[in-house]
Amino acid sequence: MRSVVRLLLLSTLVVMISACASNKREEEVLPEQTYYENARQAMDSGNFNEAEQNLDALETYYPFGRYAEQAQLDLIYARYQNLDLEGARAAADRFLRLNPQSDHADYALYMRGLASYNLDIGLAARYFPIDVAARNPGEQVQAFRDFSQLLNRYPDSPYASDARQRMIAIRNRMAELELHAARYYVKRQAYLAANNRARYVVQNYPSAPAVEEALIIMAETYQFLDLKKGARDSIALLRENFPDSEAFNEDGEFVADRLKGENRSLMNVVTFGLTGDE
């Protein structure tokens, strides 16, 4: 019996020693170039998880090595491709902090903006019908700032053109967000609040596609509130900028009916407008 116990103890000891030796081999630090080449090969083959592991190891063991700056840039890209958008943004922040004078700072700024641009949509939008206009615009605002900083600091950057187009898209999203709120207030018969939201679109996003509908809502709500000058001015702006708008009939008369069928109680409108979010 004692010999059996000794044998079991010996077997356990052998297993533990083998495990320790195995862990040691796993923790063995590879040469700097090996980590970098492994990461590049992984990225070339689309294996961004493996690429990220090698780049993380490269940064851990050789933070000031010959591949350090490029590894930091590659890590931004690998995390972005892995859909780790917050991680990509954090990696871009770190690169800009450590390499403020780098020739690749424009790329880091662009990728930081790109991560923010997609962050508030995420994976769900790829598979489910999500109304972008109804979502919190916080990340879009951050993306706009990043792209704006890129254009101000590096106007000739190869990423400037795409950043500029994305800024336009962000403006349009922000305008649509305000218009979404205006439509909501119309449904709630809060016409004063709807007018305020529509005016904000016209004043702050004058080139956005949402302006046409915003002007229509302005004109109708002004008419309902019996503010004749405001209604006339809104219709004139609509006619000048959107002469073919569906709000005009064949004779050029303003005939929009966004408020049709609503309970047009002036007391309801004023009360809701003054005590609501506006």
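Modeller: Start with the order of elements. Along the sequence, the protein chain reads α-α-α-α-α-α-α-α-α-α-α-α-α. That is 13 helices and zero strands. Keep in mind that this is a predicted model. The chain has 278 residues, and 39% of them count as buried. Now look at contacts between residues with a separation of 6 or more. Of these, 59% join residues 24 or more positions apart.

How many residues of α6 are buried? The count is 14 of the 15, so the rest of the structure largely encloses this helix.

A search of the whole structure finds 12 aromatic pairs. One of them joins Y110 and F147. Their centres lie 6.2 Å apart, with 45° between the planes, and the pair is tilted. Y110 sits in helix α6, while F147 sits in helix α8, residues 138–153. The two are 37 residues apart, so to read this pair is to follow a link between distant parts of the chain. Both Y110 and F147 are buried. Ring pairs also gather a cluster: Y107, Y110, Y117, F147 and Y159.

R89 lies in helix α5, residues 85–98. Is R89 buried or exposed? Its relative accessibility is 19%, so it counts as buried, because the cut-off for buried is under 20%. The R89 side chain makes a polar contact with the side chain of S116, at 2.9 Å. Set aside the neighbours of R89 within four places in sequence. Then R89 is in contact with R112, A115, S116, L119, E139 and Q142.

Y191 and F224 pair edge-to-face. Their centres are 5.0 Å apart, with 75° between the planes. Y191 belongs to helix α10, residues 191–204, and F224 to helix α11. This pair links distant parts of the chain too, 33 residues apart. Both Y191 and F224 are buried.

Charged side chains come next. Side chains of opposite charge can pair when their charged atoms come close. The whole structure holds 13 salt bridges. Among them is the one between E52 and R79, where the closest N and O atoms are 3.4 Å apart. E52 is in helix α3, residues 48–61, and R79 is in helix α4, residues 68–81. They are distant parts of the chain, 27 residues apart. Both E52 and R79 are buried.

E213 and R183 form another salt bridge, with the closest N and O atoms 3.0 Å apart. E213 lies in helix α11, residues 211–224, and R183 in helix α9, residues 160–187, so the pair ties together parts that are 30 residues apart in sequence. R183 has 29% relative accessibility, so it counts as partly exposed.

A further salt bridge joins D226 and K228. Here the closest N and O atoms are 2.8 Å apart. D226 has 53% relative accessibility and counts as exposed. K228 is exposed as well, with a relative accessible area of 53%. Some salt bridges share partners, and these join E52, D56 and R79 into one network.

Finish with two loops. L83 is in the loop between α4 and α5. It is not a glycine, yet its phi is positive, at about 65°. L83 has a relative accessible area of 42%, so it is partly exposed. Q189 is in the loop between α9 and α10. Q189 also has a positive phi of about 65° without being a glycine. With a relative accessible area of 18%, Q189 is buried.

Helix α6 has 14 of its 15 residues buried. Its Y110 pairs with F147, and the side chain of S116 meets that of R89 in a polar contact.

Note on methods. Residues are numbered from 1 along each chain as its sequence is written. This is a predicted model: local features need pLDDT of at least 70, side-chain atom pairs count only at pLDDT 80 or more; totals for chains, interfaces and linings use all residues. Side-chain values use heavy atoms; hydrogens and water are left out. Buried means under 20% relative accessible area, exposed over 50%, partly exposed in between (1.4 Å probe, protein chains only). Helices (H or I, at least four residues) and strands (E, at least two) are DSSP runs, numbered from the N terminus. Contact means heavy atoms within 4.5 Å. A salt bridge is a side-chain nitrogen of Lys or Arg within 4 Å of a carboxyl oxygen of Asp or Glu. A polar contact is a pair of N or O atoms within 3.5 Å; within protein, one must be able to donate a hydrogen and the other to accept it, and residues adjacent in sequence count only if both atoms are side-chain atoms. Rings of Phe, Tyr and Trp (its six-membered ring) pair if their centres lie within 6.5 Å; planes under 30 degrees apart count as stacked, over 60 as edge-to-face and the rest as tilted.
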